[in-house]
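Me: I have a structure open here and I'm new to it. Can you walk me through it, starting with charged side chains?

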Amino acid sequence: MLARSALKNIFSLVIILMFIIMTFNNSDALADPLVKDNSGQSAISDVQKQSITEKSYSEALSDWVKEGILYNGSFETTVQAYSFISGNAALKSEQESQGHDGKTLYFDDGNSATFEILVDKDGLYELGFEYYPMDDSILDIENEIMVNGQYQYQECRKIVFPVEWKYIKESFELDRHGNQILPRQIKIKKWYYTKAKDLSGLRDEPLKFYLKEGYNTITLVNTNGQFLLGKLYIRPSDVIPTYREYRSMHNVTELLIKEQNIVSYEAEKIASKSSPSVRALALRDVNVVPYNLQKDMINIIDGQSWLTHGDTINWTVDVEEYGYYKLAFKVRQNYKANVAVFRNLYIDGEIPFAEVRHYKFKYDENWYNEILSAQEGQPYEFFLTEGKHIISLEVDASLYSNTMENINRIMNEINDLALEIKKLTGNKYDPNRDWSITDYIPDLVARMDKWQSELDANYKYIQQFELEGRSSEAGTTIKLAIDQLERLKAEPDELPNRLEALSDGSASVAQYLGNLFTLLQEQPLDVDRFYLFQGNELLPSANVGLGKQVDNWAKRFLSSFGDVAYYSTETAPDELEVWVNRPVTYVELLQKMTDSEFTPDSGIKVKFSVMPDEQKLVLASAAGEQPDIALGINYWRIYDLAVRGAALDLNQFTDFNDIIKDYAPGAMLPLIIDDKAYGLPETQDFWVLFYRKDIMSKLTLEIPDTMDDVLKLLPELQRYGMNFYVPLAGQGGLKPFPVTVPFIYQFGGELYASDGMSAAIDQENALKGIKFMSDIFTVYSMPMQVPNFYNSFRYGILPIGISNFGTYIQLLTAAPELRGLWDIAPYPGIKSDNGTVERWAPGLDRASMIFARTDESADAWRFIKWWSSADVQVEYAVNLQATYGKEYMWNTANLKAFSELPWNPDHKNVILEQWQWLKEAPRIPGFYMMERELGNIWNRIVFEGENFRNAVDDSVIDINREIRKQMENLGYLRNGQIVKEYKIPSIDLVKSWMEEGK
């Protein structure tokens with residue numbers, strides 16, 4: 001027994017020593033992370049420096065406080081921008097400085113300037129900036145701030161200078177159907193002032209910077225946008241008085257109360273706003289004002305667009321006589337059940353008193369009038385002088401700042417614990433093996449106790465904002481995380497086999513906390529109108545009576561049997577009829593642009609209709625009721641229509657070759673049959689590499705350029721329970737072309753023989769691709785089935801992988817906690833014999849076409865040319881975002897237009913580089929059998945263990961049989977003999993057309 005005990009102790013010591021060595025080696029690697037740039041040279045990446053050498057703001061602030069470094073709120077100084085001591089920002093004269101009282105500095109992307117500031121003693125200070133936006137881009141003005149040559153914390157790398165937006169017209173325009181539509185938005189060009197703030201919205205106070213006694217340098221580095229800098233300030237925090245102090249500051253005699261003294265303002269009549277994503281909305285609700293039974297009236301602020309911390313709406317009010325006024329908002333908060341949302345109130349740019357900071361708007365499914373009042377119910381009174389004033393409401397999530405910071409920290413600590421366990425166990429799951437994990441991580445239970453205690457405190461904090469006796473989604477989510485921790489803590493030695501419940505699974509503690517972060521940050525609120533009033537007069541009821549609601553419902557039901565705007569297919573004889581396979585918001589803007597630009601210039605009238613079901617195109621064509629043009633249809637649908645003789649050959653137009661030179665040649669392939677082109681690309685997808693910068697830097701892993709690089713990554717990723725994602729894993733039984741053909745093309749293979757009569761996937765290069773496509777799962781253990789890459793990427797299970805535009809949009813708009821922590825790179829390819837990395841991948845998304853039976857082919861082609869042109873595509877993309885918000889990104893297929901879009905410049909360059917390798921699978925008779933069998937081949941090899949050559953050979957027989965059958969049906973074969981040549985479309989063919997157009 002003693003010998004066995006001694007051996008066990010020795011074994012335990014060996015394991016602990018190994019763990020210490022691994023940890024030491026890992027920390028060594030983290031101390032000097034090397035990556036290779038495109039030239040092959042080693043360099044320390046920016047993201048690794050950020051993740052390793054810089055703390056978070058909370059950590060830095062905590063350290064400063066511990067060192068006795070306090071906020072010096074009494075010091076104030078101003079530095080003129082023109083006094084900069086170094087940098088490449090351009091000095092502008094007073095005449096070039098947009099009305100500034102002196103010279104200014106002009107910043108473009110990448111420009112920087114360093115300023116010298118003399119302070120009287122060590123301390124923490126707030127930095128303010130005076131600036132003027134110079135571009136019209138919808139993208140934020142983003143900067144980095146260095147103090148004495150260093151980033152003091154991670155948040156210094158992304159400081160946004162906010163600007164205001166307004167609708168270009170005060171009144172809402174009417175479309176051709178009499179419905180109100182939103183006008184375009186423009187950036188307001190004026191001098192702004194802001195203090196450096198945390199972009200995440202976790203804090204409502206400005207950031208503090210540590211400055212030493214004496215001279216310090218402040219370096220401003222512009223990473224996006226163009227602006228003039230006027231002055232830089234060191235200023236104390238703004239002091240907000242209490243309501244009692246506010247009243248004493250405005251000790252005036254109240255005016256006599258008039259009998260009719262309620263002034264109402266429509267909330268949709270916005271003076272300005274801080275984000276173009278915040279928008280007004282036409283709501284068909286009899287309870288809101290204005291309302292029309294049959295027409296859309298823009299009448300509310302859309303709460304689903306006005307929910308991000310810091311988003312502000314400004315309204316102008318005109319006060320006839322000075323005095324005290326009460327303020328009420330007619331609102332509805334039916335998005336977040338059983339919990340309040342918060343707003344900050346500003347008057348003329350300042351919060352008048354502390355009690356209207358973090359003001360609570362309760363949950364209610366119905367509209368209600370919220371009179372701004374104290375907790376005791378006594379309405380607040382606001383002093384307003386005669387004349388115009390600005391009333392502002394700002395989305396406020398800062399009451400949850402500590403909770404969100406705790407969640408982030410606990411999530412990081414959970415991931416760190418999971419990595420520790422995986423290091424000890426070799427990431428091996430064995431249900432028959434017992435672990436004594438607490439011998440190697442003695443504080444394991446203590447850690448979970450601490451997390452549970454902190455989450456309990458946060459749960460109680462959230463409860464104070466919930467309706468009494470009811471739980472919100474956020475409260476339920478955090479309770480689920482707490483309960484999960486309780487179960488795991490009960491059997492800590494089972495953690496190695498239950499990591500999916502802690503950090504990796506869809507119902508893990510980490511995932512609950514990730515969801516909770518978003519739930520707390522979003523603060524939606526609909527607003528119909530607001531009131532300024534005096535005295536105790538009753539406000540108008542927020543909702544109409546039951547009788548009027550029933551009457552309205554009946555009338556709307558009857559009116560629904562008539563024509564609906566953009567859904568009617570009846571056109572006038574002199575109009576082009578265009579069906580559009582997109583939501584009505586897209587069609588409204590297109591109709592507006594066409595009516596105001598194309599029709600006046602060409603004299604051609606165009607009527608657009610929403611196409612609710614793309615299948616109707618085939619049915620309408622068969623019935624002879626097709627439109628003249630179809631837009632936004634899936635590219636493969638054009639082939640179906642073309643082989644039926646329903647699509648018009650666009651190559652017959654003499655300027656066709658000029659038009660297509662702005663497109664990727666490989667995008668045209670599925671739109672071509674023989675030498676005829678039946679459509680034009682409209683929007684384009686992109687397949688690129690997504691990666692978590694924070695995780696990759698922690699593991700000191702290089703970003704892969706080739707698939708060989710990917711294979712080298714896998715052992716390290718898998719050692720920590722992570723992996724690499726390829727889109728094959730996100731599909732079901734049928735594997736569409738976009739996820740299979742990249743492997744074949746990148747190895748130099750083709751799908752079809754040169755004559756189009758048989759498959760070519762049994763040729764050497766194609767076989768290499770198919771084998772590799774299978775080996776990455778059977779040999780290299782990539783995940784075979786991933787229900788949702790976005791979620792796996794977000795929670796760090798799959799920190800790197802190949803995905804498309806859909807994932808890109810999700811990460812930009814729905815993952816605020818990952819802001820700045822992810823990036824994209826070109827698709828990892830296969831290095832060819834000549835050293836080129838072949839990155840071939842599909843990308844065509846939707847296309848436009850003209851129907852063969854149109855009587856107005858020349859007019860239709862003129863419209864298609866106008867719509868496809870670079871200028872119009874840029875204008876449409878910009879107007880789409882300017883009207884509806886940043887999330888409405890238009891991924892135009894016109895490469896010239898795409899290069900001018902207001903997207904992240906670095907991301908845009910990656911996408912354009914990848915599009916140089918765009919190659920769609922051409923369509924031939926029977927192509928669907930090729931698509932189906934490629935998926936079947938993979939399934940048989942990966943799931944059934946079949947030999948890959950046998951799997952390919954069996955499928956080739958089926959593919960060839962179907963191709964020849966369809967070739968016979970279409971007259972290319974007769975009795976097995978070729979009677980008419982079938983030309984496989986190629987990139988070289990499209991390039992030759994483009995050359996002819998030059």
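Reply: A salt bridge here is a side-chain nitrogen of Lys or Arg within 4 Å of a carboxyl oxygen of Asp or Glu. Arg279 and Asp302 meet this way through their side chains, at 3.9 Å from N to O. This is a predicted model, where local features need pLDDT of at least 70, side-chain atom pairs count only at pLDDT 80 or more, and totals for chains, interfaces and linings use all residues. Residues are numbered from 1 along each chain as its sequence is written, and side-chain values use heavy atoms, with hydrogens and water left out.

Me: Where do Arg279 and Asp302 sit in the chain?

Reply: Both are in loops: Arg279 between strand E20 (272-273) and strand E21 (280-282), Asp302 between strand E22 (298-301) and strand E23 (312-319). Helices (H or I, at least four residues) and strands (E, at least two) are DSSP runs, numbered from the N terminus.

Me: Is Arg279 buried or exposed?

Reply: Arg279 counts as buried, because its relative accessibility is 12%. Buried means under 20% relative accessible area, exposed over 50%, and partly exposed in between, with a 1.4 Å probe and protein chains only. Asp302 is buried too, at 6%.

Me: How many salt bridges does the count come to?

Reply: The count comes to 50. One of them joins Lys195 and Glu126, with the closest N and O atoms 2.7 Å apart. Lys195 is in strand E15 (residues 192-195) and Glu126 in strand E8 (residues 123-133), 69 residues apart. Lys195 is buried at 8% relative accessibility, and Glu126 is buried at 1%.

Me: Which residue does Lys698 pair with?

Reply: Lys698 forms a salt bridge with Asp416, at 4.0 Å between the closest N and O atoms. This pair links helix H16 (residues 693-698) to helix H5 (residues 401-425), across 282 residues. Lys698 is partly exposed at 43%, and Asp416 is partly exposed at 35%.

Me: Which residues touch the most other members of the largest nonpolar core?

Reply: Phe329, Phe382, Leu631, Leu751, Ile761 and Phe863, out of 209 residues. Helix H26 (residues 927-942) gives the most to this core, with eight residues. Another core, of 45 residues, lies apart from it and includes Ala60 and Phe161. A nonpolar core is a set of buried Ala, Val, Leu, Ile, Met, Phe, Trp, Tyr and Cys residues joined through side-chain atoms within 4.5 Å.

Me: And where does pLDDT stay under 50?

Reply: Over residues 1-53. pLDDT is the predictor's confidence in each residue, from 0 to 100. The chain has a mean of 88, and 92% of its residues reach 70 or more.

Technical notes. Contact means heavy atoms within 4.5 Å.
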